[in-house]
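Please take a moment with the sequence and the fold before reading on.

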Amino acid sequence: NYTGETSKQSETQDSVDCAGQTKEVLNPNIQVSNRFSNLNTEESNADDVDVTQNDLVTARTEPATKPKQVNEKYNRRHHTGSKETKQTYHHPRPNVAIVGDSMLKHINPTQLRRSTRSFNTQIKTFPGAKVSDMEYYVKPTLARTPDHLILHVGTNDVRQSTPQEITNAISMLGQQIKKELPTTNLAISEVITRNDDPSLNTKITELNTKLSQFKNYNSHQFKEELSYYTNLDPTSNDPNVLWNEFKNNFLTIAEKHAPVRQRRVKSEHKPWLTKEIKRLMHHRDYLKRQSLNVDDQVITGDTNIADCFNQYFSSIGCKLSKNVQNINVDPMTFVTPTESSFHFSCISVQETFDALNQLNSRKSPGLDGISVKLLKDTSDVIAQPLANIFNLSLQTAIFPDEWKIAKVSPVFKEGNKTDCGNYRPISVISVVAKLFEGLVYNQLRTFIADNSILVEQQSGFRSQHSTETALLGSTNEWLYNMDSGLINGVLFLDLKKAFDTVDHEILLKKLHLYGIKGTTYAWFESYIQNRKSICLMNGKKSHAREIRCGVPQGSNLGPILFLLYINDLPKCLETTKANLFADDTNLSCAGLDANEIETKLKRDLENVHSWLRCNKLTLNDSKTEFMIIGSRHHLTKFEDNPEISLAIRDNNIKRVTNKKSLGFIIDDQL
């Protein structure tokens, strides 16, 4: 919660120019010296020191002769009651602190004294300090309670961090300072272009552009004005209406206090890049960006490409589900019903307030454009209206329609760039929607844990579970069998687009058996159905398309809903044991010879295939593999026996001697 006035340190000005309230405090002609900008300054090799007004007075050149002594009697008689003395006594000089990295080193004390005659000025510089370091370095300065604080940080972060990460870090640092000293006027300086590494200038320009969004941003004024518009319509029973009212008021006031402006960042001039070379480079990038091959047809134009991506991503799950052969098996056969019923509890204002403050400031906003920073800055003001919207949604079993729309960005993986299948969709939903889902998730997770609904073989997305615990459990079992003179047969299953092919109707039936009934069931039905996605390509939006299959990507509830969907998979097994980490599954068995291993793996491979078909999931035959694990002695004897043969849908499953699982490579001798 900081005022965020910005000041710019320019190569063309010999000053630290502070905007907002600080500009009235300091004379802008403060000369500085540093190794990064071409400023006319006095060079010094002295260590960084705190410079106060009293120190600056003693910095004057001492005269060659000793000054004459002034008669104290005469001084008291003629000057005690002077106007200047009385004014100084009744109006103490404000304290001004300038804190930052190496850009502030070697400030000319004489020029500073002349520019800040009416103020006690302190300068503290920490060469090489990053934003994270300043959180601790600035504490001694804050202990002196300055009236005005100029903060210059970020110069040393541009090598390793992105402009957005630096902006968020500076924002969080400013919030901490304002939380400790709410009455101090805080100014954030822009970053100076570095002469030692011109390649960083583009990043610095982008960083300053992002910082300028909060140039005139005053969180106190923003909260004060927003507080007048937080009383939503109490007669409305539709959370869609209340959300639209809240969103419109929030964005209108945010545009006034912290408007978002897009600026084009120009790169540094490179004399070896002629106009012709630049034209060819732009044409090359244009061709890469503007073409997509769909069904042997070349698609051009950002909007058309975005539409193609959106159509592919939104329909891939349904296409896979339709290709699954029907089987006369009820998918509820293996589900163990729960006697208890799950009911929503009222979400308190304090819960909402705490959740707002725990939001990750680095997360991108959804299609509504509401910034995480602004939500955190106004958490004490908006916690009440948001809690009202959340509770109304739970009571009416209506999940707001706008929260069901995801912003999708295609990210290239590998292979041909003109193929949609070589891109991964990154979904981003509304920050407020994700906040709400997190509160619902906490209640659902507690119910699932209290009733021991999830099978013990599942390690994904669970507290006190990880990839390490999952691998330790599997390897411990395999080593135990090896010590007992047995050989392990392990079948590694690979599911195609598992999260995207979840059937909504089957999922809702399973939720009902797991104790989600009545209004709670209706709320989850509203949450899952009628979801949409909009794809972005180079700033252009596609048309919205409905998603009829899959759990919501980029959400808090999606992972736990998927766990409930595949929770009954181990119940279909007879001769093997399953180990799951979300959709990453392996089946293990132990035996004395090849025939025993082959019989056990074949039997449960057929069982799993039947379970997948009735749940409309697809097994990736080409990536499904098996491995024989044992000691060197037993593996040598095992090779003398006939080779194990496993197949599914007339496709042979490949045997491997090592396999990458959960980020680790496992070989056949462990």
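## The model and its confidence

This is a predicted model, in which local features need pLDDT of at least 70 and side-chain atom pairs count only at pLDDT 80 or more, while totals for chains, interfaces and linings use all residues. Residues are numbered from 1 along each chain as its sequence is written, and side-chain values use heavy atoms, with hydrogens and water left out.

The pLDDT, which is the predictor's confidence in each residue from 0 to 100, averages 79 over the protein chain. A score of at least 70 is reached by 77% of the residues. Over residues 1–90, pLDDT stays under 50. For that stretch the model has 168 contacts beyond four places in sequence, a contact being heavy atoms within 4.5 Å. Where pLDDT is low, the predicted coordinates should not be read in detail.

## The chain as a whole

The protein chain holds 23 helices and 22 strands. Both are DSSP runs numbered from the N terminus: helices are H or I with at least four residues, and strands are E with at least two. Of the 670 residues, 47% count as buried. Here buried means under 20% relative accessible area, exposed means over 50%, and partly exposed is in between (1.4 Å probe, protein chains only).

The accessible surface of the protein chain comes to about 34,700 Å², and 47% of it belongs to carbon and sulfur atoms. These areas come from the Shrake-Rupley method with a 1.4 Å probe; for residues, only the protein chains shown count as cover. Among contacts between residues at least 6 apart in sequence, 77% join residues at least 24 apart.

## A five-stranded open sheet

Which strands make up the open sheet of five, and in what order? The order is β15-β16-β11-β17-β20, with mixed pairing. Two strands pair if DSSP finds at least two bridges between them. The edge strands are β15 (577–581) and β20 (654–655), each pairing on one side only. Helix α22 (residues 594–614) packs on the sheet and touches β11 (487–493), β16 (584–591) and β17. The direction of α22 makes about 150 degrees with that of β16; axes are lines fitted to C-alpha atoms, for helices over the stretch in contact, and angles run from 0 to 180 degrees between N-to-C directions.

Strand β11 pairs with β16 in the antiparallel sense over seven bridges, and G489 stands opposite C589 in β16. Five bridges join β11 to β17, again running antiparallel, with L491 opposite F626 in β17. F626 also has R655 as its bridge partner in β20. Strand β17 (residues 625–629) pairs with β20 in the parallel sense, over two bridges.

## How β11 is covered

Seven of the seven residues of β11 are buried. In a regular strand the side chains alternate between the two faces of the sheet. In β11 both faces are covered: I487, G489, L491 and L493 are buried on one side, and N488, V490 and F492 on the other.

## Two positive phi angles

Q464 has a positive phi of about 60 degrees although it is not a glycine. This residue is found in the loop between α17 (431–450) and α18 (467–483), and counts as exposed at 79% relative accessibility.

A582 also has a positive phi of about 60 degrees without being a glycine. Its place is in the loop between β15 and β16. Is A582 buried or exposed? A582 counts as buried, at 4% relative accessibility.

The structure holds zero disulfides, a disulfide being a pair of cysteine sulfur atoms within 2.5 Å. C420 is in no disulfide, and the nearest cysteine sulfur, that of C308, is 6.2 Å away. C420 is buried, with a relative accessible area of 4%, whereas C346 is exposed at 61%.

Two pairs link stretches separated in sequence. Q311, in helix α13 (residues 302–323), is partly exposed at 42%. Q311 and S533 are 222 residues apart in sequence and 9.3 Å apart in space, C-alpha to C-alpha. I299, in strand β8 (residues 297–300), is buried at 13%. I299 and T418 are 119 residues apart in sequence, with 9.2 Å between their C-alpha atoms.
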